[in-house]
Amino acid sequence: MEENLKNNVAQPAIDSKIPEGPVAEKWTNYKAHQKLVNPANKRRLDIIVVGTGLAGASAAATLGEMGFKVLNFCIQDSPRRAHSIAAQGGINAAKNYQNDGDSVYRLFYDTVKGGDYRAREANVYRLAEVSNNIIDQCVAQGVPFAREYGGLLANRSFGGAQVSRTFYAKGQTGQQLLLGAYSSLNRQIEMGNVKSFNRYEMHDVVIIDGRARGIIAKNLVTGKLERFAAHAVVIATGGYGNTYFLSTNAMACNVSAAMACYRKGAYFANPAYVQIHPTCIPRHGDKQSKLTLMSESLRNDGRIWVPKNIEDAKKLQAGQIKGSDIPEEERDYYLERRYPAFGNLVPRDVASRAAKERCDKGYGVNNTGQAVFLDFSEAINRLGIDVVRQRYGNLFDMYEEITDVNPGELANEINGVKYYNPMMIYPAIHYTMGGIWVDYELQTSIKGLFAIGECNFSDHGANRLGASALMQGLADGYFVLPYTIQNYLSDQITVPRFSTDLPEFEEAEERVQANLDKLMAIKGSRSVDSIHKELGNIMWDFVGMGRTKESLETALEKIKDLRKEFETNLFVPGDQEGMNIELDKAFRLRDFITMGELIAYDALNREESCGGHFREEHQTEEGEAKRDDENFFYVACWKYNGDDEKAPSLLKEPLHYEAIKVQTRNYKN
Amino acid sequence: MENSISVKLKVWRQANPKAQGEFITYELQDIPTDTSFLETLDILNEQLVEKGEEPIAFDHDCREGICGMCSLYINGHPHGPATGATTCQLYMRRFKDGETITVEPWRSAAFPVIKDLMVNRNAFDQIQQAGGYVSFNTGGAQDANAIPISKVDADEAMDSASCIGCGACVAACKNGSAMLFVAAKVSQFALLPQGKAEAKKRVKAMLGKMDELGFGNCTNTGACAAECPKNIKLSNIARLNREFICAKSSD
């Protein structure tokens, strides 16, 4: 298999289209020289935008404002439901309102370093550059960001940064930013520039003469397939976290749109880079449907610990004592111990691995031994419960509703020190840095097909910093794609609108229909979820936080067997008339299986540890990730080989750093 | 934590918008009390699929109380017995062993049933499209700190903006009114300088659309605010009324 991977290396060269000039001038240069479309011609051009999260909604709204005709699709009953809405903590920008030494360069540097030097420099610089426009934009929309008493905007800190550059709206920043984008989108819908299709799911992309010209989408209410044509197609369909079944993603989050593009020839980049978020509520049982994130902002005041003594850990696991019974001097604040400079605010990958390390050694604090404490005692003693509740009240309530434990409740007093109930947390799949490969213009390897937001791979390297997902989604949608797509469309102005009766549409629809018929016809005995859970367990156990050559090869074998099980023993009740939620899930599961394999192939190929990808063979004596820049300083682009059962081919986009010196990531001093 | 209960779920089943619906009762054994209510429905659906039956259709997505997709009238309350929480944040420890739990879709003329427990809330989008925005184009904004906004106003605007658009207010209202939903958006913008320029146009357009779409009117009963999973306050409706009167009186 490995040989297969290596021999398949690269035919076409990958052109990332990075503009000339120093990194700080590239975007300015690009905009100065790119081609534009004049207003009269914009009206004649149609753009399909699939997805209404931060990236999709902001892109659809902005393209509509510019005068393009936009067709916008969402899987939920309203654009406002997209999963961006669940982002809690905040959004980064290099405003330096706090006068703490922030700058565009520092945000750029922190993001590249946070990504373990595996992101594309030019893209990240552009992201940092437009970050400030995003905050201006959102305030103008009426987004109620948190403010200081003087009336100016407030900030807080997130992992991987030594400045306070995160803007927030309580613990509901994603909601407020998405509702802002949704409001702009609504204005365009009202004006007739955007047509909105709710409860539709993209099933395929239609390619005519090598260019993306439309999609096949299923109306989830009627069950009918429908055809839509346009001059360009933008997918903004999020990440692939649900490949692992349990994740912090919403239930409908899926990778099918991205997989449709991949099967049509769009490269999939860096699938192994999966973010495991350190502060999630631990699993409670096998009936669980999803994992709940507790915002990273809690790490501003919360301290993460496990007992120093293994005996205390054993008593905790047996339920004989509680966290609040263990006094200060018996606690191991392991992040503060290992990473004095960043303490509890180390990046997510580092915090997650450190938690796993303690739990693997037997120091886990719940009945499964798969949890650590996040404790607010020190903060409450210092600031008072009112201040702490003002900052995190809704998160405390959320935690209590789920676990029946109130983290703000006084639980014990030892030697005059008050101890409050700590939260229990454990890492969980949260975000995917990998995604559809795009060039600097956010165009995929298929002409006319663009990918924005989490579904592309571009800006976060091997690990994303907190509060940067919202930044990237909105940067792509408001400020980058609306420019770069014009460079593509400028020579399309004479291309008339396409008929959906063309043979390419006919063929694409037939293939989609044949696939659905096949799923209905298996008539085996297993539900979609039971197979999906099995996939999730394979992924978590063998392609999770710590990966080895052996575990990855095991995963590939097991997934192969699971695909056979899926194809021969799946059961989908009902028929294709009207709504069939099991059929919709089965359609998505087929793609999760292929995605799971893709993650494993990439993780197997990347024989180094970087960011969210940790190969246990490659670590320092202290257990830190050990990169191999000599051999792996590239973006791994995977090309589909015509059949889900065939291994994909690897193409490499070498990385070039001009502005930043590549070095070992250090959060210790 | 290890407790489990057995419950009967009396669930509204309706094959499509035009079909005649009915309640069907399902028995569920040994549900751990730290299972969420929607996970309990998942368990039931899994059992239905195993028996070759069609699962119950219900709306849900984020399962952490923020997307507003989940709905359900549970034992006579939108989002069930917990206050300040959505259905997806409801856990089985709220119910008693042996209890019969009645589960219905939102009942409102403006929210027709699509299938089983799933309703069409497109009317909410249409109300927002009528004026729930500040009219300006991307790129035209001034510096974010150019206009100071008092913390008190910003916090209050944030409270109003917390509405998740789930429709519980409409489902709870004896008149099927969407006043709390409209009031939340109008209030958010009324409290912020960015919303002032088109405040009059906005309030008239949004209320006009609400009437047009078949929602009832408000008789200040307050069921909406009592049942709102995000604790949107009734005072938003007072502010909406004030905005509307000001707008009309300057016509």
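Is Ala171(B) buried or exposed? Hold that thought for a second, everyone, while I mention that what we have here is a predicted model. Now, back to our alanine. Ala171(B) is buried, because 24 other C-beta atoms lie within 10 Å, and the cut-off for that label is 20 or more. You will find Ala171(B) in helix 4 of chain B, which covers residues 168-172.

Who are the partners of this alanine? Setting aside neighbours within four places in sequence, Ala171(B) is in contact with Tyr73(B), Pro78(B), Trp106(B), Arg107(B) and Ser108(B). Take the tryptophan from that list: Ala171(B) and Trp106(B) are 65 residues apart in sequence, yet their C-alpha atoms are 5.3 Å apart in space.

Where they touch, domain 1 of chain B brings 18 residues and domain 2 of chain B brings 16. On the domain 1 side, that is nine nonpolar residues, eight polar and one charged.

Staying in chain B, please look at helix 5. Helix 5 has 12 residues and spans 15 Å from first C-alpha to last, close to the 16 Å expected at 1.5 Å a residue. How many residues of helix 5 of chain B are buried? The count is 12 of the 12, so this helix is largely enclosed by the rest of the structure. The buried set includes Lys185(B), Ser187(B) and Gln188(B), along with Phe181(B), Val182(B) and Phe189(B).

Now let's bring in the partner chain. Contacts between the two chains involve 67 residues of chain B and 64 residues of chain A. On the chain B side, helix 1 gives the most, with seven residues. Other elements that supply at least two residues each include strand 6, helix 2, helix 3 and our friend helix 5. By class, this side of chain B has 28 nonpolar, 22 polar and 17 charged residues.

On to chain A itself. Chain A holds 19 helices and 21 strands, and its C-alpha atoms fill a box of roughly 80 × 60 × 50 Å along the principal axes. For 669 residues, a compact globule would have a radius of gyration near 26 Å, and the 24 Å of chain A agrees with that. Buried residues make up 61% of the chain. Of the contacts in chain A with a separation of 6 or more, 74% join residues 24 or more positions apart.

Chain A has assigned domains too: domain 1 is 278-428 and domain 2 is 511-636. Their C-alpha centres lie 31 Å apart, and each domain puts six residues into the contact. On the domain 1 side of chain A, helix 11, residues 348-360, gives the most, with five residues. That side divides into one nonpolar, one polar and four charged residues.

In soluble globular proteins, nonpolar side chains tend to be buried together. Here, the largest nonpolar core has 304 residues, and Val234(A), Cys261(A), Val372(A) and Val182(B) have the most contacts inside it. Helix 18 of chain A, residues 581-605, provides the largest share of this core, 14 residues. As for the cysteine, and leaving out neighbours within four places in sequence, the contacts of Cys261(A) include Val205(A), Ile235(A), Ile436(A) and Leu449(A).

Note on methods: Residues numbered from 1 in each chain as written. Chains lettered and ligands numbered in written order. Predicted model: local features only at pLDDT ≥ 70, side-chain atom pairs only at ≥ 80, totals over all residues. Helix = DSSP H or I, 4+ residues; strand = E, 2+ residues; numbered from the N terminus. Rg over C-alpha atoms; globule rule 2.2 N^0.38 Å. Contact = placed C-beta atoms within 7 Å. Nonpolar A, V, L, I, M, F, W, Y, C, P; charged D, E, K, R; others polar. Expected span 1.5 Å × (residues − 1). Core = buried A, V, L, I, M, F, W, Y, C linked by C-beta atoms within 7 Å. Domains from an automatic or database assignment.
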